[in-house]
Amino acid sequence: FPVTITWVEKEQISEEDVFNSDRFKLAKQLAEDPTFNSIKGMKNKLPYVRTQYPSNMTNGELDDVMRIAVQISKGVISKDKVDEIIANTL
């Protein structure tokens, strides 16, 4: 029997895609932000991110975004890959 996806599963997948897209969009912005990049230490970056990018994201979610941003700014994750992820999750 072929596997069918229920509408609930489709909604959950869609919501996750939107969340991933938003995370990578914010991470890309942070990676290009000179102030963010000049702040040393993730704990020190969090207050700046909270004031510059108001969001309903938890500190844990923002921590993930900041880690992605640091990887982008260091070139571990290419900007082309980030653009591809954003494009594919919309």
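Guide: Confidence first: the protein chain has a mean pLDDT of 81, with 76% of its residues at 70 or more; pLDDT is the predictor's confidence in each residue, from 0 to 100. This is a predicted model, so local features need pLDDT of at least 70 and side-chain atom pairs count only at pLDDT 80 or more, while totals for chains, interfaces and linings use all residues. Residues are numbered from 1 along each chain as its sequence is written, and side-chain values use heavy atoms, with hydrogens and water left out. Among the elements, helix 1 (residues 7-31) has the lowest mean pLDDT, 70, and helix 2 (residues 34-38) the highest, 96; helices here are DSSP runs (H or I, at least four residues), numbered from the N terminus.

Lys45 is buried but has no salt bridge, and Asp33, the nearest side chain of opposite charge, is 8.9 Å away. Buried means under 20% relative accessible area, exposed over 50%, and partly exposed in between (1.4 Å probe, protein chains only). A salt bridge needs a side-chain nitrogen of Lys or Arg within 4 Å of a carboxyl oxygen of Asp or Glu. What Lys45 does have is Phe36: its side chain reaches the backbone oxygen of Phe36 at 2.6 Å. Lys45 also lies over the face of Phe36, 4.1 Å from the ring centre (the test being NZ of Lys or CZ of Arg within 6 Å of the centre and within 35 degrees of the ring normal).

On to the charges that do pair up: the whole structure holds 3 salt bridges. Lys28 bridges to Asp83, with the closest N and O atoms 2.6 Å apart. Lys28 belongs to helix 1 and Asp83 to helix 5 (residues 79-88), so this pair ties together parts 55 residues apart in sequence. Both ends are partly exposed, Lys28 at 24% relative accessible area and Asp83 at 33%.

The other bridges stay within a helix. Asp63 meets Arg67 with the closest N and O atoms 3.0 Å apart; they are 4 residues apart in helix 4 (residues 59-73), about one helical turn. Asp63 is partly exposed at 21%, and so is Arg67 at 44%. In helix 5, Lys81 and Glu84 are 3 residues apart, again about one helical turn, and their closest N and O atoms are 3.4 Å apart. Lys81 comes out partly exposed at 38%, as does Glu84 at 40%.

How values were computed. Helix = DSSP H or I, 4+ residues; strand = E, 2+ residues; numbered from the N terminus. Lys, Arg positive; Asp, Glu negative; His and termini not counted. Polar contact = N/O pair within 3.5 Å; in protein donor to acceptor, adjacent residues only side chain to side chain.
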